[in-house]
Amino acid sequence: MPERKSAAPRVNDFTLKFANVNGSGSASANALVMKAIFRMGVPVVGKNFFPSNIQGLPTWYEIRVTREGWRARSGRVDLMVAMNAETYSRDLRELAPGGWLVYDSTWPRPALTSRDDVRTFGVPLAQLCNENFEGARARTLMKNIMYVGTVAALIDIDLEVIRALLAETFAKKPKLVDSNMKAIEIGYRYAKEHFECPLPIRIERMDATRGHVMIDGNTAAALGCLYAGATVGAWYPITPSTSLMDAFRSFCARHRTDPGTGRRDYMIVQAEDELAAIGIVIGAMWNGARAFTPTSGPGISLMEEFIGLAYYAEVPAVIFDVQRVGPSTGMPTRTQQCDLLACAYASHGDTRHVMLFPDSPEECFEMAVKAFDLAERLQTPVFVLSDLDIGMNDWMSPDFSWDDDFRPDRGKMLTPEQVAGIEKFQRYMDPDGDGIPYRTLPGISPKASYFTRGSGHSKFGAYTEDSAEYQEVLDRLSRKFRTAAKLVPAAIADGRGAAAAIVSFGSCDAPVREALATLRRSGVAVDYLRIRGFPFGPEVEEFLATHQEVFVVEQNRDAQLRALLTLETAVDKGKLRSILHYNGLPMSSSTVVEGVNKALDKEVAA
Amino acid sequence: MSFMAKPKVANPGLPRNELGLNRRDYEGSMSTLCAGCGHDSVTAAIVQACFELALPPQSVVKLSGIGCSSKTTAYFVAGAHGFNAVHGRMPSIATGASAANRHLRYVGVSGDGDSLSIGLGQLAHAIRRNLDMVYILENNGVYGLTKGQFSASADVGSKSKKGEANEQQPVDPVLFALSLGASFVARSFSGDKEQLVPLIQAGLAHQGFAIIDVLSPCVTFNDHEGSTKSYAYVREHSETPVSADYIAPKQEIRVQYAPGETVSVPMHDGSNVVLRKLDPGYDPTDRAHAAAYVQERGMRNEYVTGLIYVDTSRRDFHGQHGTSEQALNAVPYERLCPGAAKLDKILGSFR
């Protein structure tokens, strides 16, 4: 990110951060600020840093205002709203030189004035709330809403936009609109009267958010499941995947329930654990319903045995792994891309799995639909690897599109008529040479019956301990995996003939794209390949072969994508260099820029 | 050992059911269990039950876990789809399968290792869901495939083949099921086909989770002196307070029962289960009473068999979820997908 003089007006290009205590209603206040900026036509990036806790621990919300429409964190904070006394000192420390800090000055905080390169604005929020509102709970909530008014004055957010948003939120409780607006106006007036408003960092209306939504990846994935025709969802609650099933449930309640009878064209089963959740998905898909389970790393560990069964017995399944920080319980509310290898080879024995890597909520929607088609076409588990950053943060996304001519690809599933027309049904043959057998659903006809088992079986579906019969099936599964490489979404290359390149995936895309622009502006030529699926297609192989030096950017300690590339392509290991980020917070572009520059400088020096 | 085809020659004189099928049409492939295994008798009872009910073979779904008992789903109703899941986790496969298509008959076969050790959790939750299935637990107190370790159903003091006595408390599947509120709980003995066949039929007719604990001796590892799961021991120590007769829909109740000793329980499919009280004081619709009775007899080293408890009033899995009558796997896509115009509206709430 280019250096700027902080005194220069920075219209629509700065970062706000709110430091709060969780469970205090701050989430709605912060979302209100972000939505208001979005409604004023200015692109925003929102990141929520929250604890694995219900009430009382520190939580932060960061809003980057970015007229250029970048999608990653900026790596700096210009305006801090410090509402949590416990974290004042670190919040103050985090401010960029020349920045501003807003705090509740009901009680004096001399320590907050310790930096002379930062301006501090005290607003007696608690006192103003006590003077204007009744009841302890209301006073706490209103304190957070009140700073929305102060921020609106400082950065010039139109109060009418805020009022409209509140009116929508509280459409059924108009009284709440008035009380919230009252608090906001008090905070607004106080700022206007006491500070020079607006600051050099401020909002000016643009027209850059039309045709966009603010949506999180889990909601988008749930919408994808709805549109893909999924009817069975099974899960065990786990952060950060829970909101995916919550969203699916509310979409289904609205769009899949018979208005007359209340009967449902869906079933959501809260299982006793992840082992059962994946079992339910496998049982449902084996029986012809589209089914999925959302989970995170610990859930994947528990599901492994069943995943091996689905792989070997060739039963479709769709698994959303919204990755969080591992190992073990790790940090449940922080983000990482640390399940890549666990998913690629999940389960004992020779197993390899299809994976999709969405980079945004938009792709969560598209890839959710794709995952069901691939699972049924390939008769195998398909993983959608998103992460907490994509899954739980609101991203500005172009409107999703839908083609009403779309029909699900149910794959090689014989209809009752087709079964009637064949002499004998055999489950694991490969008549088409693509490694994909034909399947039948229970209930069709005695002729269609077969036995599904995870024990050794021949191509006819019979139990076997015969070496040749066993190996024949295992080899066909390899053939099927090669077919999968042609069906997964292709990697997207941004190639301009440079010798060096970045290879990355998933939520790294946003910071990498911004880093590329920075690097190119500074004269460093780098190409880029974003991998979107596994097994890797020939385009990945070719890209690696045609670049002399490849920076593999990923969010885990052990360079899992790099490992996968060395295992699954012919690339020379020596030319893959890792740029790693794994502290649990979403990566900013500076990590990538610094990583590339450092590596290239070393070479120049050497 | 590879797949063994069973010769399919049927005596033309064999009786046929109303679908025109004979008993052999409900068999599966050749059993590979030990000669004399109790499980083969259970298989035969399932064949008999399905034949007599004239179930279309494809309307049955066979599910199992891992172990000797779980192999047996290959040995009956060849015309049904079968799913041999992973160890102890058949109930979750059954849950998913049932979710996808509520109109098939789900027959699960499991063992005491599969159900009471590794799979105790999944069994518990299948019971809680009141999943519409028959769950046959072939109970022999021993791990056969791994050569004779005690299972969780082994009684205290029961001796292994090597003479070692079990000291851990057993899990009694009947008491376990009763404590979790199972809606149909029965126990039988693989050597008592007359009792077992109608119980399986009643279980198939029951809309909800029907568990049948079948004492099914292991001739190789647990049929010796000192074992409480041997043929001789079970035969001597069984006591049946209530026997059940299955009366198909429209079938006339022909047997004459003494007044006051029978209760007719109407099932959801129009059939009836007629309970004959052999112990006049027993009430199979009183859960607390049933549990106390089983426990009390158990302390006297007696196995209570027959239909121990039944409650047809509880909503089953689909009833609890309010799912459509049409199987979820058959709902047309057009009804499932809201379409492009609705997508615009949905997105509107995210601006």
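Q: What domains is chain A divided into?
A: Chain A falls into domain 1 (10-202), domain 2 (215-398), domain 3 (416-487) and domain 4 (492-605), with bounds that come from an automatic or database domain assignment. The model is predicted: local features need pLDDT of at least 70, side-chain atom pairs count only at pLDDT 80 or more, and totals for chains, interfaces and linings use all residues. Residues are numbered from 1 along each chain as its sequence is written, while chains are lettered from A and ligands numbered from 1 in the order in which they are written.

Q: What makes domain 2 of chain A a neighbour in contact with domain 3 of chain A?
A: Contact requires C-beta atoms, placed from the backbone, within 7 Å; 15 residues of domain 2 of chain A meet 13 residues of domain 3 of chain A in this way. On the side of domain 2 of chain A that touches domain 3 of chain A, α10 (297-313) and α12 (361-378) of chain A each supply at least two residues. Helices here are DSSP runs (H or I, at least four residues), numbered from the N terminus.

Q: How many of the residues in chain B are called buried, as a percentage?
A: Buried means 20 or more other C-beta atoms, placed from the backbone, within 10 Å of the residue's own. Of the 351 residues in chain B, 55% are buried.

Q: What share of the contacts in chain B between residues at least 6 apart in sequence join residues at least 24 apart?
A: The share in chain B is 71%.

Definitions and conventions
Buried ≥ 20, exposed ≤ 12 C-beta atoms within 10 Å, placed from the backbone. Contact = placed C-beta atoms within 7 Å.
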